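Visitor: Hello! I have a structure open beside its sequence, and I would like to walk through it with you.

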Amino acid sequence: MKIVLLSGSRMGNKTRQAIDLTHQLIQNQYEEIHVDLIDLAEKEIDFADGHHYLELTGDAGQVTQTIMESDALIIGSPIFQASLPGSLKNIFDLLPQNALRGKTVGIVITAGSPKHYLIAEYQLKPILTYMKAMVLPSYVFIEETDYAQGKIINQDIHYRLENLIKDIILSNQALQLAQQQEEDTYDF
């Protein structure tokens with residue numbers, strides 16, 4: 001199984017810290033899973049201009065290809081000005097409409113205030129659903145008070161990330177099993 005961990009911002013470091021913790025939890029518990037970590041702060045990606053993702057080069061080509069080849073994604077996003085960062089939306093714009101079909105997607109949100117809790121529900125989930133992702137219904141919301149000295153100190157966040165990872169794995173296995181059963185009905 002291939003999971004992409006996407007840190008979807010070019011600014012700040014709290015989302016990256018959450019994605020790093022998620023990566024560490026996967027590595028500690030699931031050696032058989034291949035993880036690709038993509039941090040948009042480390043990439044130079046032009047704005048989407050309508051080119052097919054296979055025509056993209058450089059970081060844009062590498063990021064879109066890695067996402068297309070994955071089985072599942074965990075998307076980390078901060079909330080800026082009560083919205084998603086443009087760098088994350090740009091990644092979605094670079095991908096084809098059906099890019100996330102057959103992929104399980106989990107969400108990790110970092111925000112400075114609990115007032116931003118529903119941003120993922122009303123902004124990110126509709127985009128992912130439009131792109132045909134199987135989006136997990138619950139997500140991990142991490143706010144400013146959950147951090148201290150550059151680390152996530154709230155143990156409940158650790159527990160919720162572990163559950164998100166388990167849900168990603170189990171949902172992906174169920175999706176693959178359902179797809180295999182459907183394919184088995186064809187007499188080819």
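Predicted model: local features only at pLDDT ≥ 70, side-chain atom pairs only at ≥ 80, totals over all residues.

Visitor: Is aspartate 39 buried or exposed?

Guide: Aspartate 39 sits in strand β2, residues 34-39. Buried means under 20% relative accessible area. The relative accessible area of aspartate 39 is 6%, so this residue is buried.

Visitor: Which side chain makes a polar contact with the side chain of aspartate 39?

Guide: Let's begin with what aspartate 39 touches: leaving aside residues up to four places away in sequence, these are Ser7, Ser9 and Arg16. A side-chain to side-chain polar contact, at 2.7 Å, joins aspartate 39 to arginine 16.

Visitor: What span does helix α4 reach from its first C-alpha to its last?

Guide: Helix α4 covers residues 119-130, which makes twelve residues. At 1.5 Å a residue, 16 Å is expected, and the model comes close to that. From first C-alpha to last, α4 reaches 16 Å.

Visitor: Within what arc do the buried residues of α4 fall, seen down its axis?

Guide: The residues to look at are Ile119, Ala120, Leu124, Lys125 and Leu128, the buried ones of α4. They line one face of the helix, because seen down the axis they fall within an arc of 130°.

Visitor: Which exposed residues does the face of α4 turned away from its buried side carry?

Guide: First, a look at the buried side: its residues pack against β3 (72-78), α3 (86-94), β4 (104-111) and β5 (134-135). Turned away from that buried side is a face with the exposed residues Tyr122 and Tyr130.

Technical notes. Residues numbered from 1 in each chain as written. Heavy atoms only, no water. Helix = DSSP H or I, 4+ residues; strand = E, 2+ residues; numbered from the N terminus. Buried < 20%, exposed > 50% of the residue type's maximum accessible area, 1.4 Å probe, protein only. Polar contact = N/O pair within 3.5 Å; in protein donor to acceptor, adjacent residues only side chain to side chain. Contact = heavy atoms within 4.5 Å. Expected span 1.5 Å × (residues − 1). Arc of directions from axis to C-beta.
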